[in-house]
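This report walks through selected local features of one protein model, from its surface to its backbone. Please keep the sequence and the coordinates at hand while reading.

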Amino acid sequence: MLSGKRFTTYIVMITAILLTLFNFSDDISARTATTEEGRGNTVYVIPIEREVERGLEAFLTRTTTEAIEDGADHIVFEIDTPGGRVDSAGQIGSLIQSLEIPTTAYIVNEALSAGSYIALFSDNIFFNPHARMGASGIINSDGTAADKKAQSAWLEQMRSAAESTGRDPLYAAAMADSSINLPEYDAPEGEFLTLGPSDALDVGYADGIVNDRVELLSELGLSEATLVETEPTIAEEVARFLTNPVVIPILLSVASLGLIVELYSPGFGIPGIMGLVSLLLFFYGHIVAGLAGMEAIVLLLLGIILIVAELFVPGGILGFLGIGAIVVSLFLSGYDIGHMSMSIGIAFLVTLIAAIILFRRIGLDKGIFRHIILKDRTTTEQGYVSSVNRLELLGLEGKTVTPLRPSGIGLFDSERIDVVSEGGFIEKSQLIKVVKVEGVRVIVREIQ
């Protein structure tokens with residue numbers, strides 16, 4: 001039998017061994033859980049870069065749809081944007097809000113203005129150590145402050161975006177309203193709030209600060225997840241450029257200028273090609289961005305056909321209808337009536353100035369005008385004579401066949417000629433003499 005002391009020693013040894021085994025097992029389990037974080041999950045990484053506009057909206061619509069169809073478990077939006085259009089930001093915000101997949105906004109550099117609004121719709125927000133978010137005051141395209149109505153609507157949108165994900169709306173409002181006084185965050189009255197990483201953590205607008213994507217995925221527990229990186233296609237990149245608010249009036253101006261110069265050029269050359277290419281680029285960009293539909297294309301083609309038909313059908317009605325159809329197609333393709341009106345106005349002004357300059361320098365003797373303006377003349381040099389000038393009748397004597405009151409008929413060498421008396425009434429059968437010939441007008445005088 002074992003003594004009590006030895007028994008106690010065995011019990012202590014067995015207990016120590018079991019504790020060691022349990023600790024080792026727990027350590028293995030912990031390491032296994034760590035290495036298997038996110039294994040079997042799919043994470044889509046979608047960049048939100050450069051200006052916020054409708055081309056970006058089309059890109060995000062495509063990529064989020066792909067993520068849903070692929071069964072993605074998480075979407076990371078890597079944000080680096082100075083902002084952009086409010087209407088496009090609203091559409092993108094609604095798109096992110098409608099996603100049932102967990103989302104994270106990783107602010108790589110900056111999420112300013114419309115970018116901060118988009119970031120607020122994500123379930124999580126992480127900052128790079130040098131990133132910033134805010135400065136969301138709304139301005140017009142010319143750089144001036146928007147009217148109070150637009151500012152009020154945008155302020156409410158910012159608040160709603162923060163509230164939709166459980167964040168304090170005060171700081172979102174301070175990003176868009178400079179009257180809110182937050183001196184503790186370097187945003188006294190008169191300044192828009194811009195949050196750095198530390199301040200964002202303090203106010204609950206950041207869930208963490210990470211140096212790169214690897215740290216981000218580790219924080220999200222998705223280190224071992226399958227990563228799918230998305231990039232804009234070449235067509236989407238081109239569409240984003242072509243639908244830029246600055247590029248649109250340039251395209252329309254080049255299109256109208258090229259076509260008006262082509263009217264003054266013989267044949268069809270470089271100006272006409274430039275005009276058509278600019279017009280096609282405008283519609284191509286808007287089609288890829290999802291702005292222009294088939295109705296706009298049909299109206300464009302109808303307008304071109306009517307304008308061409310106007311060259312062969314007089315009246316001007318077909319030409320006006322063609323121009324009207326093209327203008328309507330432009331409005332249908334635009335995402336903002338005000339901006340499209342301004343762009344068309346700029347193009348019209350450029351065209352008008354060019355037309356005046358070309359008309360004063362060239363006139364209508366060249367280009368297509370030479371085919372539609374009648375320039376032929378029936379001149380004497382070309383053998384055309386409107387009437388025979390009977391100069392050979394001067395001095396010829398004859399007599400009246402009818403009384404002259406003062407016109408009538410005279411007989412000269414057996415030829416009856418319409419004559420006009422120089423003076424007053426001359427009776428029938430009186431001797432007369434031709435004293436003047438003016439074209440078809442033969443003037444006679446009575447011989448006393």
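## The nonpolar patch

Helix α14, which spans residues 337–361, gives the most to the nonpolar patch, contributing three residues; helices here are DSSP runs of H or I with at least four residues, strands are runs of E with at least two, and both are numbered from the N terminus. The patch covers about 270 Å² and is made by Leu257, Met342, Ile346 and Val350, and Val350 is found in helix α14. Patches of this kind consist of residues with over 30% relative accessible area and no salt bridge, nonpolar side chains (Val, Leu, Ile, Met, Phe, Trp, Tyr) being joined within 5 Å, with areas from the Shrake-Rupley method, a 1.4 Å probe and only the protein chains shown as cover for residues.

The model is predicted, so local features need pLDDT of at least 70 and side-chain atom pairs count only at pLDDT 80 or more, while totals for chains, interfaces and linings use all residues. Residues are numbered from 1 along each chain as its sequence is written, and side-chain values use heavy atoms, with hydrogens and water left out.

## Helix packing around α11

Two packed helices are described by the angle between their axes and the distance between the axes. The axes are lines fitted to C-alpha atoms, for helices over the stretch in contact, and angles run from 0 to 180 degrees between N-to-C directions. Helix α9 (residues 234–242) packs against α11 at an angle of about 115°, with the axes 8 Å apart, and this crossing of α9 and α11 is left-handed, meaning that the near helix is turned anticlockwise from the far one by less than a right angle. On the α9 side the contact (heavy atoms within 4.5 Å) involves Ala235, Glu236, Val238, Ala239 and Leu242, and on the α11 side Leu281, Tyr284, Gly285, His286 and Val288.

Helix α11 (residues 270–288) also meets helix α13 (residues 317–333), where the axes come within 10 Å and cross at roughly 35°; the crossing of α11 and α13 is likewise left-handed. Here Phe282, Phe283 and His286 of α11 touch Ser329, Leu330 and Ser333 of α13.

## Salt bridges

Across the whole structure, eight salt bridges are found, each defined as a side-chain nitrogen of Lys or Arg within 4 Å of a carboxyl oxygen of Asp or Glu. One of them pairs Glu66 with Arg62, whose closest N and O atoms are 2.9 Å apart. Because these two residues, Glu66 and Arg62, are four residues apart in helix α2 (residues 54–69), about one helical turn separates them.

## Backbone details

Most residues other than glycine have a negative phi, and most peptide bonds are trans. Asp413, in the loop between β10 and β11 (415–421), has a positive phi of about 50° although it is not a glycine. A cis peptide bond, with omega about -5°, joins Arg405 and Pro406, and Pro406 is found in the loop between β9 (397–400) and β10 (407–412).

Terms used:
Patches are made of residues with over 30% relative accessible area and no salt bridge: like charges are joined within 9 Å, nonpolar side chains (Val, Leu, Ile, Met, Phe, Trp, Tyr) within 5 Å.
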